[in-house]
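Please look over the sequence and the structure before reading on.

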Amino acid sequence: MSDTTQLIAQIRFALEQLSERNAQHEWEHLCRHLARERICSNILPATGPVQAGGDQGRDFETFRTFLSRSPLGGRSFVGLISDKPLAFACTLEKTAVPKIRSDVKTIMSSGAPVEGIYVFCSRDVPVAKRHELQEWARTTYGVELEIFDGAGVSEILGNRDLFWLAERYLQIPSELIPPAPEDKEKSDWYTSKLEAWRGATRPPRTFAEFSEIRAAARTAMGPFSYDSDGQPVNRHERPELPFWIELLDELANQDTLFSLRRRALYEASVLRLRGLGSLHGQEDRLRLYFAEIPRLEESSDLEDASVLLTYVLPATRRGHVLLDDTEMEAWSAALELRLDERLRETKKLEQINERCALLEVRGHAALFRRLGEGARNEDAALEYWGKLANLVNSAPLFPLERFADRLADYARFIGDHPRYDQLTEKIDSLLAQRFGQFKAAEKCLARAEAFRDAGDLPRAMAQLHRAKIDWFAEETLDKSLLALDWLGLAYIEQGLFFAAKYYALTSAYLTTRATDLRLKRVIVRSLERASSCDYAMGSWHSFLEMAEACTIFYPHFVRDAEADFNDSNGVLHKLMFHLSLLGAATKILHPGLDAYARDRSEAVVVRVGFSEVLEEVRDNVTRLWEGEGAESLWKTIKSQLAGPPWDDAGKVRHARWKAHGVTWNVEWPNDYESTLASEGFLAALQILLSDLAGYDLCLMRSTLNVSLRLAPDGAGESRTGRRGFKGFDTRFEPSNAERIAIVTLPPERHFRDGTLTIDDLLAGALGVAASLLQEVSLLPNERFNEVLNERFKQGLSNKLLIGATYGQCLREFVSRETFDASDRQSHEALDSSVQFVSELPDAHPWVDGPGPGYDPDVAREQMQNRYRGFAGPIARTLKRLAAEPEFQTTVENLRSARWKDWHILSAVYHRTVNYRINNRRIKLSRREEDEYIRRVTQEPEPENALPIPLEEYQEEKLREHFPVYLGSFATTFGLEIHQLTPDFPAIEDFLAQRYNFWADDVEHDDPFTS
């Protein structure tokens, strides 16, 4: 089904196609029926040869009736009877005004006199021109003139009771039928139609009857259902569905119009399959239906055939209809062949509108031809739709919004194709040109829903970000807030709580400034969301502050607190849940803060009158967990929180999370100014981490310890740091054991006083975040920068700043006085001897597939080259070592430690050649030196080569070579180590998992035996 706006747009497009085809007769028939339904019922078609003027310029006219003056005159249907002569004219002319003047002149100068003239135009007539023509007709001929232009006719045909006219004469697809009336009106309508057709004494025969039966059948069917895997579920809501299908069968079997029979068979087949789960017994009718494909002309008929094939193909695979693969293939090929023929014809005849419609159907046919086999042709579909997108500006009446909706439906099939985003962006741009940015944003939201339903969170978020940008206006703030809400939930789902908190705070901040009072309740919901982020991070001082801010607003915007408390999704329900768990966990695990937790919790709920309720719930929860034991409580906390309870107590604040295989441990001074800057930076970092989902940055599984600090007061605060970002700086401490980064941030106040700009904030935060990622990445700098530039092109900066800075939003609800009142620096954190490792799932897992550039065949060839290349220049040394028992023991030890022979051979080779290069007594010229090194490293080992002491081949010395070789191995795949003091265990782990460093080998002779 379609909404009215889209249906009207489709009808306007179909009227344009009538003009393209010069289909005057269909237009006249449509207008005559429309006049009968809406103007007067006593209409006769004009007779006589048109070109000879035999119709006197009248396409149809009224005949006299006296019913309106009879006792029946008070009844409703009599209003459609005219007792004065009227004439009607229809035109498809592009220049409608001259044609209207000509028709009026012809009507008034010949034939019986008329008192009114109705003109139907397929093109639009401006209101001013319409009034001018009406005044001209009145003054010149003394006749009333009414004009129904394309826009007016489209709106009238958009009514449900007249849809059959659009379907019959404009070939509007069946799927666009207007929805049935709602609720009781819908039920009454359905009941009356059921009673009428059950008592009918003749079979249905007309398009109007078909439209009515189909609408009732779809009401009986109800909405199409899908299971959790996205597969269709065969079901129907009302038991009368088989009755309606039988009526459609009667229509399909009647000696009626060809197009009507096809529509009825199509509808009955879809309803049988989706409602009853079977098409058994319908095989011969389907064969007749698809046999007509080579003779179909209209794009709508071809579209119906394509859609029905989409249903029948998988039904055949599942045994729901007894057709074979040969028939399926033949019908699919016939459909594509006919579409290609019609595309060539429309291109030759320059029928732009019809060509656009055919391109849409052609893409659908290409996409779903192999659906029953579990395969699709996304490339071909996107190729056809790309042509449509390039052409559609020349077809301004093409139903672009309907096409955008279909693209959203297709997201679960082709949304991961790189050209899908390119196409939707282009279609959004065209929609924005036609209907404004808000319409494009609606389609982003629809695609986001489709991606989310398909489990593709990153792409859903990308669409939501686009919608948020396009909706960012006062009149559509409600939709923008909806997008922010969804995005906040998505960040929570990924365990990125600083990013989620920022989006929640922004939503609350924007709503406080909204003029629409209906939106004010969003403040409460958003502040509760922000508080829940703090709760999940174990930042319980911050949680209590945000919760208190929430209850300050709560009484002003929530009417029924008790109902909200009893609703599992209610703001108060969630607050009370967290407060009760906080109280229980504090009493059991951190009794030193029990009194503080009780006092602050009381301050939160006293404003909403739930103090006694909280005390009762908290006591019950405490007794429950005391019975379970502290160990069980601690286990539950680790499964639900990202950080330990009261993680923001003490002089230093901590935060930790895991994303893309990297464990982030962050600390900063636990004061107000540091928190504003640090949380804002971490929100930006987490947004970037989320935005990089789907990219392989070759990140090592490692821990990055980050210490955040504010730049000292003074003029130097706005200087450009070492990394080139104003006010920001990053420095790494030298260490082979751990990654330690010292990050300097500018105080948030410098963005308020103008010392630094918002651009400085965005560039600085992203620059520091990128430098942190590069430290644990093996991706070459050039490729790393390409990824970041690509994300910028996709609107990364718009995700980092939404409405206001993080510090500005947080200050709005948590003042310095509130923050300092918690006296958090004087509180002790949990006993550090109790280890906390969160068990929350990693929403952005480490990429563990084959690394960039890795190919098993190439890897085998490289290993064969290593065996040959390493053995030749040290062949005599290897023969000597083969006779040494001590060396043989070393080989066995290394093999036991997973070393392959090419690892050992590499170590022996480099120990040998390095010794000979570094222990020569004769000094050579630069040129002679280079030549000597070449001989030593590449040529066969001579008899008089410098002998190497056996201790050079001891196990510990061969192991010393290992880190150097890791770097060399990484370089062969184009990887780069950016760390000044490399983390060799992390590099080894990466190469082992992504490049099979410890697994790959080839058959070879043992190089260490005689």
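What share of the contacts in the chain with a separation of 6 or more is accounted for by residues 24 or more positions apart? In this predicted model, such residues account for 74% of those contacts.

## Overall form

The chain contains 43 helices and 12 strands. Its radius of gyration is 38 Å, whereas the globule rule gives 30 Å for 1010 residues; the chain is therefore more spread out than a compact globule.

Along the principal axes, the C-alpha atoms occupy a box of roughly 125 × 80 × 60 Å.

## Burial and surface

Among the 1010 residues of the chain, 54% are classed as buried. The accessible surface amounts to about 44,800 Å², and carbon and sulfur atoms contribute 49% of this area.

## Charges

The chain carries 124 positive and 156 negative charges. The mean position of the positive charges lies 4 Å from that of the negative charges.

## A residue in detail: Ser580

Ser580 belongs to helix H26, which spans residues 571-589. Is this residue buried or exposed? The relative accessibility of Ser580 is 2%, and because buried means under 20%, Ser580 counts as buried.

Which residues does Ser580 touch, leaving aside its neighbours within four places in sequence? Ser580 is in contact with Leu614, Val617, Arg618 and Val621.

Definitions and conventions:
Residues are numbered from 1 along each chain as its sequence is written. This is a predicted model: local features need pLDDT of at least 70, side-chain atom pairs count only at pLDDT 80 or more; totals for chains, interfaces and linings use all residues. Side-chain values use heavy atoms; hydrogens and water are left out. Helices (H or I, at least four residues) and strands (E, at least two) are DSSP runs, numbered from the N terminus. The radius of gyration is taken over C-alpha atoms; the globule rule is 2.2 Å times the number of residues to the power 0.38. Buried means under 20% relative accessible area, exposed over 50%, partly exposed in between (1.4 Å probe, protein chains only). Contact means heavy atoms within 4.5 Å. Accessible areas come from the Shrake-Rupley method with a 1.4 Å probe; for residues, only the protein chains shown count as cover. Lys and Arg count as positive and Asp and Glu as negative; His and the chain ends are not counted. The place of a charge is taken as NZ of Lys, CZ of Arg, CG of Asp or CD of Glu.
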